[in-house]
Amino acid sequence: MQINFSKNKQKEVSNIFFSIFNARIPCPCPNFAAVRIHEVSDFYELIKVLKKNNHMKIAVAKGDGIGPEIMDAVLKIFSANHVPLEYDFVDMGKWVFDKGFNNGMTPEAKQTIENLGLLFKGPMETPKGKGVKSINVTARKTWNTFANKRDFRTLHGVDTVFSKAGIPIDITVVRENIEDTYGGIEHMLTHDVALSRRFITRPGSMQVIRYAFEMAKQKKAKRITCVHKANIMKITDGLFLECFQEVAKEYPELKADDIIVDDLCMKLVTRPDLFDVLVLTNLQGDIVSDLCAGLVGGLGFAPSANIGDHISIFEAVHGTAPDIAGKNIANPTALLLSGLAMLRHVGLTENAAVIENALLYTLENGTHTGDFGDKTIPSVNTTQFADTIISNFGKKPNIGAREIIANEPGTPTPLKLETNPMMISKESESETIVGVDLFIESDEQPNAIAEKCKRHAGVKFNLINISNRGTQVWPTGSVYTNLVNQYNVRFESIEDEPLNQQDVIGLYVSMSGNFKICSFELLNMWAGKKAYSLAQGQ
Ligand code: NAD
C-alpha cells in the first residue's frame with residue numbers, strides 16, 4: 001500500500017500526531033510529501049520527519065542589566081544556526097517589580113511559562129530592601145525545578161591554574177533547588193536571636209538524587225558523590241545521605257560514594273579531576289557550584305539548568321553585572337552554554353554540538369571579551385564575539401570537540417495539572433509524641449531557670465536538659481559557655497510514655513506563666529526511634 005498525502009491529509013495526520021504525542025506539528029509540513037507509507041519502518045521515518053519539522057515554542061525573558069545584550073547575542077547565534085525554536089517573550093524582572101507586580105512577573109508571563117514548560121532567562125535583579133523575594137529563586141521554587149544542574153568543564157583558551165598544569169576538569173554539580181534554608185523561613189526569637197528553619201524532606205531529596213543518578217548514567221560518569229555535613233547535622237543531612245545510599249542500590253554500575261563538604265572543598269582546589277558528578281543540598285550546592293565556577297575560569301563560564309518534571313528553566317549562574325550593563329562588553333558564554341544545555345534537553349543535539357564546537361574553536365583561537373583571555377590580544381565586544389562564533393560554524397576545536405548527534409526533538413509542553421502534586425515517599429511509620437522542646441526567652445542563669453521549670457513539669461513530664469545555642473548548660477555544663485537570652489528547655493515524658501498534644505499545650509500554658517515562649521517543637525519517636533537531635537554535651 002502506498003499513501004500520498006494531500007494537504008488536507010497532512011492536516012489530519014498532524015492532528016492525530018498532536019493527540020498522540022501532544023506535539024505541535026507545523027502544517028503543511030514542507031517535507032511531508034517526501035514520505036510514503038509502505039510498511040512500519042516508513043511510519044517511523046514519518047515520525048522522524050515530523051519531529052524534524054516540529055518547531056517548539058519556548059518562553060524567553062531577557063532579564064535586567066546585561067541580560068538583554070547577552071540574550072540578543074545568544075538568540076542571534078541560534079537563529080544563524082537555524083535552531084528550530086520559536087520564542088514567546090515574557091515580562092519578568094526588575095521593571096516588572098517596579099510596575100507593582102510583587103513576584104517580578106506578570107500573570108500573562110506566568111501563564112505562558114506554565115503553558116510552554118520551558119523558560120530561557122537572562123539574569124534578573126532583585127530590588128533591594130525587605131519584603132521582596134528574588135524572582136530567580138521564586139521562579140525555581142514555584143515551578144518545582146527541583147534539580148539545579150551546572151556543568152563545569154575545562155575550556156581550552158580559558159586559562160586557569162589547572163589548565164596550565166594539564167589537569168582536566170569535567171564536574172557536574174547537581175544541587176537540590178527547593179528546600180534547605182532557601183525556604184527563607186526566618187524569625188527573630190528575641191531581639192538578639194534569629195532562627196532559620198532548614199527543611200530537608202525525603203521526597204524532595206529522592207527526586208533530586210534520582211535525577212542525579214540518571215544524569216550520571218547518561219554522562220557515563222566515573223563517580224557520583226553525595227556531599228553533606230551529616231557528621232554534624234545528623235537528622236537533616238543524615239536524611240539526604242540515607243536517600244542517596246538508597247538510590248545508589250538501584251545503580252550498581254555506578255561508583256557511588258560520599259564526602260563531607262569541607263573535605264570536598266579542600267580536595268576540589270587540589271585535585272578537581274578526582275570528581276565527576278556531585279549531588280548536594282541547596283545551600284552547600286550553591287557555595288560549591290561557585291567554587292567550581294572559579295576552577296574553570298569564573299562566572300562568565302558557568303551555565304545552569306533548573307530541571308523540573310513539568311517546567312525547566314535555563315539561565316547563566318552570574319547576575320545582571322550592573323557595572324558593565326549597556327556597554328555591549330559582557331561575555332555571553334555562560335548564557336550560551338545554558339542555552340546549549342536547553343537545546344540538548346529538548347533533543348536539539350545537532351544544533352547544540354555545532355554551536356558548541358564553534359564556541360570552543362572561537363575560545364581556542366584566542367577570541368575573548370574583556371573579562372578573560374590573553375590580554376595581549378585585543379578584546380572584542382558582545383556582538384563581535386557572537387559574530388565570530390557564527391563565522392566558525394562547521395569548525396571543530398582541537399580539544400574537547402563535541403560529537404554531532406542528529407536532532408531528536410521532544411516536546412517541552414507540560415502536562416496540564418489540576419491540583420498540586422502531593423509527594424509522599426512511603427507509608428507513615430508509627431509515631432508517638434514523647435516530649436517537647438520549649439524555646440524560651442530569659443537572661444537568667446541555667447540553675448535558676450531549671451528550678452522554675454521543674455515546678456511546671458507536673459506528673460507527665462521530666463525536665464531533661466537546658467541548652468543555649470545548642471550547647472547543654474544544665475544539668476551539667478561549663479561556666480565558660482557564653483549565653484544569649486534564649487534557651488531551649490527539653491521536657492520528655494516519664495519512661496517514654498506516649499503523650500498527646502493537649503499534654504504539651506498544658507505544659508506550654510503552665511510555662512508561659514513564668515517565661516515568654518518564643519517557639520516550640522514536638523519530640524517524636526518514629527518506629528521506636530527518637531527523631532530529634534541531642535544537645536552538644538547531652
Ligand atoms: P554579578 O554576577 O552580576 O557580577 C559580579 C561581577 O562579575 C561583576 O564585576 C560583573 O561585571 C562580572 N560579570 C558577571 N557576569 C558577567 C559577564 N557575563 N561578562 C562579564 N562580566 C561579568 O553579581 P552581583 O553584582 O552580585 O549581582 C548583581 C545583580 O544580579 C543583583 O541584583 C543580584 O541579585 C542579581 N543576580 C541575579 C542572578 C540570576 O538572575 N540568576 C544571579 C546572581 C545575581
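By class, 8 nonpolar, 6 polar and 6 charged residues make up the shell around the ligand. Here Ala, Val, Leu, Ile, Met, Phe, Trp, Tyr, Cys and Pro count as nonpolar, Asp, Glu, Lys and Arg as charged, and the others, Gly among them, as polar. The model is predicted: local features need pLDDT of at least 70, side-chain atom pairs count only at pLDDT 80 or more, and totals for chains, interfaces and linings use all residues. Residues are numbered from 1 along each chain as its sequence is written, and side-chain values use heavy atoms, with hydrogens and water left out.

**The ligand**

In total, 20 residues surround the ligand. A residue counts as near when one of its heavy atoms lies within 4 Å. The closest are M124, G319, A321, D323 and N331.

| Residue (backbone atom) | Distance to a ligand oxygen atom |
|---|---|
| M124 | 2.8 Å |
| G319 | 2.7 Å |
| T320 | 3.0 Å |

Taken alone, the ligand exposes 820 Å², and the protein buries 66% of that. These accessible areas come from the Shrake-Rupley method with a 1.4 Å probe.

**The sheet**

An open sheet holds 6 strands, in the order β15-β14-β16-β13-β17-β18. The pairing is antiparallel. Strands (E, at least two residues) and helices (H or I, at least four) are DSSP runs, numbered from the N terminus. Two strands pair if DSSP finds at least two bridges between them. β15 (471-474) and β18 (529-530) stand at the edges with a single partner strand each, so one side of each has no neighbour in the sheet.

β13 and β17 run antiparallel and are joined by 10 bridges. Within that pair, V436 has L522 in β17 as its bridge partner. β17 (residues 516-526) is also joined to β18, by 2 bridges. There, M525 is partnered with K530.

Helix α15 (residues 446-456) touches β13 (431-441), β14 (461-468), β15 and β16 (486-493). Its direction makes about 155° with that of β14. Helix α16 (residues 501-512) touches β13, β14, β16 and β17, and its direction makes about 15° with that of β13. Contact means heavy atoms within 4.5 Å. Axes are lines fitted to C-alpha atoms, for helices over the stretch in contact, and angles run from 0 to 180 degrees between N-to-C directions.

**The hairpin**

β17 and β18 form a hairpin with 2 residues between them. In the turn, A527 has a positive phi of about 45°.

Key. A polar contact is a pair of N or O atoms within 3.5 Å; within protein, one must be able to donate a hydrogen and the other to accept it, and residues adjacent in sequence count only if both atoms are side-chain atoms.
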